[in-house]
Amino acid sequence: MTVSSDKKQPSKWQESITGEWHGLPSVFEADGTHVGYNKVSRASEFRDGRTTYWMKTDFDASGPLMDRFELGARMNFGVTDSDQDRVYTGPDFVGSGRPYGTLVDSRYYSPAWNVDLRTINHVLPEPGMQVYSSQLFEADTLVGVFNGLYIVTQDHDENPETRQRVEDWLQRERAYGKKPFNLPVKHEGIFRGEFQVFDHEQNLIGASQVTVHHRPINLLHSEQTIRLEGAVNRSWTALRTRNANHHQYHGPDLFGNGISYGRYLFSIRHSYGEPFKLWSREATVDDDCTLVCAWQFLQSQQEKYTTFGALRWEPGELLLDAQHV
């Protein structure tokens, strides 16, 4: 059953995701173990004042997550569409999403999977790509993660060239989906880009120029200085460490930790001496170390800013070259 929207025109977010999206998200256990893939085709369609979301899934995974998530039926659920909240009205998903321009941050429940999801979809219009992740919870306990990159088509069923492009993309995702999240381990350099900045009421208040100065100390430790200039003006320096897919931030300005699932790193960092923290999702999307980031700033445990964009890597000096006695 679909539910009619209060407005008869699609929201800006709905317009930004027009078409059929294709991806092969990787499936991870809670500890970060890669156990397979989920081939997905999906679309959110606005017709006659109503929005219906459909999704076809085909899991190829091992272990209990396969039995849990492969339903053998196409998902088809209603959406009350708006630029303030997208409300999911079942039967497959119940909950809502908050759009911020080309990004939506959704919290919702799947009765069939028995998981509460935090899903972030970030559309990059220029390559026609969507950076997707779902963290899957039972209450506050993480039970798994899905993540991957999607591309959009408008003529998949009619155009053999489009279908081949999708197949090529899915093969690429199969190769890249389980690669670990690694920042450059031997070269110093700068990640640089522009992030859109939205306030807690989902208003676009401008942009910030973002730089991340990255300096490896050894193969597992690096020092980073994050600087934002523009709509938000902040800077922090912290020592980072990595042990397998576990990450830590040791100050002096930011303290916290993170865990990566393939190419995606989720972190929480606390700013020293103030009631301020940074929640982040960062994904490496190509061989050039491009980072697509979604950062949420919380002040006194409440959302203050949501900001996102792409950071492109500018390599500098090779600091950890061959050593000789």
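1. Start with helix H3, residues 160-176: its 17 residues reach 24 Å from first C-alpha to last, close to the 24 Å expected at 1.5 Å a residue (the expected span is 1.5 Å times one less than the number of residues). Helices (H or I, at least four residues) and strands (E, at least two) are DSSP runs numbered from the N terminus.

2. Before going on, note that this is a predicted model, where local features need pLDDT of at least 70, side-chain atom pairs count only at pLDDT 80 or more, and totals for chains, interfaces and linings use all residues. Residues are numbered from 1 along each chain as its sequence is written, and side-chain values use heavy atoms, with hydrogens and water left out.

3. Which residues of H3 are buried? They are Thr162, Val166, Trp169, Leu170, Glu173 and Tyr176 (buried is under 20% relative accessible area, exposed over 50%, partly exposed in between, with a 1.4 Å probe and protein chains only). These residues sit on the same side of H3 because they cover an arc of only 130° around the axis, taken from the directions from the helix axis to the C-beta atoms. They pack against strands S1, S3, S10 and S11, while exposed Pro160 and Glu161 are on the face turned away.

4. Now look at Phe297 in strand S20 (residues 291-299). Phe297 has a relative accessible area of 1%, so it is buried. Beyond its neighbours within four places in sequence, its contacts include Leu228, Trp236 and Tyr305 (contact means heavy atoms within 4.5 Å). Phe276 is 21 residues away in sequence, yet the C-alpha atoms of Phe297 and Phe276 are 7.2 Å apart.
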